[in-house]
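Thanks for coming. Please look at the structure on the screen while I talk through one residue and then the whole chain.

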Amino acid sequence: MPSRLERYERVYRALARELANIGFISQGSVVVRYTTCGKPGCRCQKDPSGRHGPYYQWSRAVAGKTVSRRLTEPEAELYRGWIANRRHLEEIVARMEQISAEAGELLLGQTAPAKPPRSAKG
Ligand SMILES: [Zn+2]
């Protein structure tokens, strides 16, 4: 029967392997936009389904500002995949952190001599 620490290590290694297989990642999001123009009598002004587009845009925050870039449809597909990869990566890292914290509690509980005295909180 594996110890708790061994179980943590096993799960951690599995997550690390998962991490190693992740492809390219990207921040931000892909937005699909339909627009209207100023041309008099254009179909885009009569009916929402007549608007121009779809236009694909990749938006992300750079130094606190939103930066956008036009993408073709295949590029948009590519970036949706990269953005999903990044989300997956973040989930894996969060789980690795959680397991590390649990392993840490286990190890610290074994090595800590005694709890420090409680501070007198008001
Ligand atoms: Zn138009």
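Ile25 touches Trp82, Asn85, Arg86 and Leu89, leaving aside residues up to four places away in sequence. A contact here is a pair of residues whose C-beta atoms, placed from the backbone, lie within 7 Å.

This is a predicted model: local features need pLDDT of at least 70, side-chain atom pairs count only at pLDDT 80 or more, and totals for chains, interfaces and linings use all residues. Numbering starts from 1 along each chain as its sequence is written.

Where does Ile25 sit? Its place is the loop between α1 (4-20) and β1 (29-35). Helices are DSSP runs of H or I with at least four residues, strands are runs of E with at least two, and both are numbered from the N terminus.

Now the chain. There are three helices and three strands, and from the N terminus they run α-β-α-β-β-α. Of the 122 residues, 3% count as buried. The radius of gyration is 25 Å, while a compact globule of 122 residues would have one near 14 Å. That radius is taken over C-alpha atoms, and the globule rule is 2.2 Å times the number of residues to the power 0.38. Along the principal axes, the C-alpha atoms fill a box of roughly 80 × 45 × 25 Å.

Definitions and conventions. Buried ≥ 20, exposed ≤ 12 C-beta atoms within 10 Å, placed from the backbone. Contact = placed C-beta atoms within 7 Å.
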